[in-house]
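Work through these exercises with the model open. Try each task before reading its solution.

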Amino acid sequence: MARTKGFDPEQVLGRAMELFWRQGYAATSISDLVAHLGIARASLYATFGDKHDLYLAALDRYIRNPEPDPVQVLAGPGPVLPALRFLLDTYAAAPSPGRPPGCMVVHAAVECPADDVAVRGRLDLNWGSMEVALTSALLRARAQGEIRADAEPASLARFLLVLMQGMQVVNGPGQGAVRAADAARYALEGLR
């Protein structure tokens, strides 16, 4: 008879995601995971595979559940610039208390070795979907007269993508939130 798990794999995956997000892949040991997740090492391996497999699953979970979801924010009806302002302000805001700082995708990009094709592939897909959403929204904004008629939506989308990811890097203790907010304001002014 098969044994049932004494834990909910989705809850455990959520806790693993938080630990990897807070500490990074390299700084998180299997012992750290076992202690933080509250499950036995054998259960961890049997359910999730090795540390890299668990990291990929945690990164996938993070990518699947963005808060807020940039694609949904930008696809909403009506004017584009208020939605874009909301998104940039969200990226510029200091992290909520108890939430890990920055963005797990950005942390993964900074930490990921060039030869880790599994992580690099996930990052490229994530950034690609965000770039498509931004380009589509900026095409709408141009058609609605919200941005300059000579604006290049694809180039602007790449600029905004890099800006938003960079805001996650500088946005931490000290003046990070101020720097990020200034960058967001300047980017929006430059679109008009």
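**Exercise 1.** Which residues form one aromatic cluster?

*Solution.* The cluster is formed by Phe20, Tyr25 and Tyr55. This is a predicted model, in which local features need pLDDT of at least 70, side-chain atom pairs count only at pLDDT 80 or more, and totals for chains, interfaces and linings use all residues. Residues are numbered from 1 along each chain as its sequence is written, and side-chain values use heavy atoms, with hydrogens and water left out.

Step 1: apply the pair rule. Rings of Phe, Tyr and Trp (its six-membered ring) pair if their centres lie within 6.5 Å; planes under 30 degrees apart are stacked, over 60 edge-to-face, and the rest tilted. The whole structure holds 4 aromatic pairs. Phe20 and Tyr25 have ring centres 6.1 Å apart and planes at 25°, so they are stacked.

Step 2: check exposure. Buried means under 20% relative accessible area, exposed over 50%, and partly exposed in between (1.4 Å probe, protein chains only). Phe20 is buried at 2%. Tyr25 is partly exposed at 24%.

Step 3: look over the ring. Lys51 lies over the face of Tyr25, at 4.3 Å from the ring centre. The test asks for NZ of Lys or CZ of Arg within 6 Å of the ring centre and within 35 degrees of the ring normal.

**Exercise 2.** Find the residues that touch the most other members of the largest nonpolar core.

*Solution.* Step 1: define the core. It is a set of buried Ala, Val, Leu, Ile, Met, Phe, Trp, Tyr and Cys residues joined through side-chain atoms within 4.5 Å.

Step 1: Among the 30 residues, they are Leu84, Leu88, Leu134, Leu138, Ile147, Leu160 and Leu191.

Step 2: Contact means heavy atoms within 4.5 Å. Setting aside neighbours within four places in sequence, Leu88 contacts Leu160, Leu163, Met164, Met167, Ala184 and Leu188.

Step 3: look elsewhere. A second, separate core has 29 residues, including Leu13, Trp21, Phe48 and Cys112.
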